[in-house]
Amino acid sequence: VFSDQYFYGLRMYNTEDVKVRGNKVKTTGSSSYAFTFGDIDEFEISGNETNGGNYGLYMDGANKTGAPVRSLLVNNMFIGDKYGIYFKSSKNFNIYHNSVFGTDRGIHMEGNFNKNFDMVNNIVSTDLGEAIHTTHVPSNALYDYNVYYTNSSGNAFEFGSNSYSTLNSWKTAVTGINDSSLFGDPVFQAADDLRINLGTIA
């Protein structure tokens with residue numbers, strides 16, 4: 001358990017073959033990062049619960065060097081007062097069974113090197129912005145069996161210059177993904193607990 005760190009809960013750069021499992025992290029600074037990883041290759045991040053002032057998870061340059069080994073981001077809860085997850089120039093990983101909440105955005109992807117990932121069976125929720133926002137359209141990306149939600153009246157999803165107000169409009173524009181995904185409030189148990197109540201959409 002990491003508690004009351006002001007800025008970084010856990011920070012790793014230039015690492016390979018890393019396993020980060022079963023940690024609980026809560027940072028206190030308004031601009032803080034619960035998990036920060038830079039230039040990390042061949043990783044497994046699983047079973048963690050994070051809550052950060054800015055980001056629940058910040059990842060820059062994942063698997064951008066070395067062999068294109070599929071890494072794992074599995075069974076985590078990521079909470080950020082800004083973004084639940086921030087990806088930059090990250091690729092070759094599977095995003096499975098995570099619950100993500102960011103006040104401004106659920107997931108934000110920066111740059112044109114985010115690619116080669118499967119995002120399956122996750123909950124991605126936000127209050128103010130898009131459930132998913134990317135500055136460029138990721139290539140070789142699969143999305144399915146996810147639950148998405150935004151409490152905003154604006155767009156629910158943005159991919160580069162393409163904006164979608166609903167999940168159905170995204171599915172219509174980009175076929176072959178999200179066939180089994182849903183849109184709706186997952187009804188988390190609490191603001192700092194992304195487990196869900198029985199009988200909700202998730």
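1. Start with the aromatic cluster: Phe43, Phe87, Phe93, Phe117, Tyr143, Tyr148, Phe157, Phe159, Tyr164 and Trp170 belong to one cluster. Rings of Phe, Tyr and Trp (its six-membered ring) count as a pair when their centres lie within 6.5 Å; planes under 30 degrees apart make the pair stacked, over 60 edge-to-face, and the rest tilted.

2. A word on what you're looking at. This is a predicted model, where local features need pLDDT of at least 70 and side-chain atom pairs count only at pLDDT 80 or more, while totals for chains, interfaces and linings use all residues. Residues are numbered from 1 along each chain as its sequence is written, and side-chain values use heavy atoms, with hydrogens and water left out.

3. Back to the rings: there are 23 aromatic pairs in the structure. One of them joins phenylalanine 7 and tyrosine 33, with centres 5.5 Å apart and planes at 55 degrees, so this pair is tilted. Phenylalanine 7 sits in the loop between β1 (2–5) and β2 (8–21) and tyrosine 33 in strand β4 (residues 33–46), so the pair ties together parts 26 residues apart in sequence. Strands here, like helices, are DSSP runs numbered from the N terminus (helices H or I, at least four residues; strands E, at least two).

4. How covered are those two? Buried means under 20% relative accessible area, exposed over 50%, and partly exposed in between (1.4 Å probe, protein chains only). Phenylalanine 7, at 34%, therefore counts as partly exposed, whereas tyrosine 33, at 17%, counts as buried. Another pair to click on is tyrosine 83 with tyrosine 86, which is stacked, at 6.2 Å centre to centre and 15 degrees between the planes. Tyrosine 83 is buried at 9%, and tyrosine 86 is buried at 10%.

5. Now the strands. Eight of them make an open sheet with parallel pairing, in the order β1-β3-β5-β8-β11-β14-β17-β20. At the edges are β1 and β20 (182–183), each pairing on one side only. Two strands pair if DSSP finds at least two bridges between them. Within this sheet, strand β14 (residues 123–126) and strand β17 (residues 147–150) run parallel and are joined by four bridges; serine 125 has tyrosine 149 in β17 as its bridge partner.

6. Strand β13 (residues 115–120) is worth a look too: five of its six residues are buried. Five bridges join β13 to strand β10 (residues 91–96), running parallel, and lysine 91 has lysine 115 in β13 as its partner. Five bridges also join β13 to strand β16 (residues 139–144), again parallel, with valine 120 partnered by aspartate 144 in β16.

7. Asparagine 122 lies in the loop between β13 and β14 and is buried at 2% relative accessible area. A polar atom of its side chain lies 2.8 Å from the backbone nitrogen of asparagine 98, and the side chain of asparagine 122 reaches the backbone oxygen of valine 120 at 3.1 Å. Leaving aside neighbours within four places in sequence, asparagine 122 is in contact (heavy atoms within 4.5 Å) with residues including Ile95, His97, Tyr145 and Val147.

8. Finally, phenylalanine 2, in strand β1, counts as partly exposed at 27% relative accessibility. Beyond its neighbours within four places in sequence, phenylalanine 2 is in contact with Gly9, Asn23, Lys24, Val25 and Lys26. From phenylalanine 2 to methionine 12 is 10 residues in sequence and 15 Å in space, C-alpha to C-alpha.

Note on methods
Polar contact = N/O pair within 3.5 Å; in protein donor to acceptor, adjacent residues only side chain to side chain.
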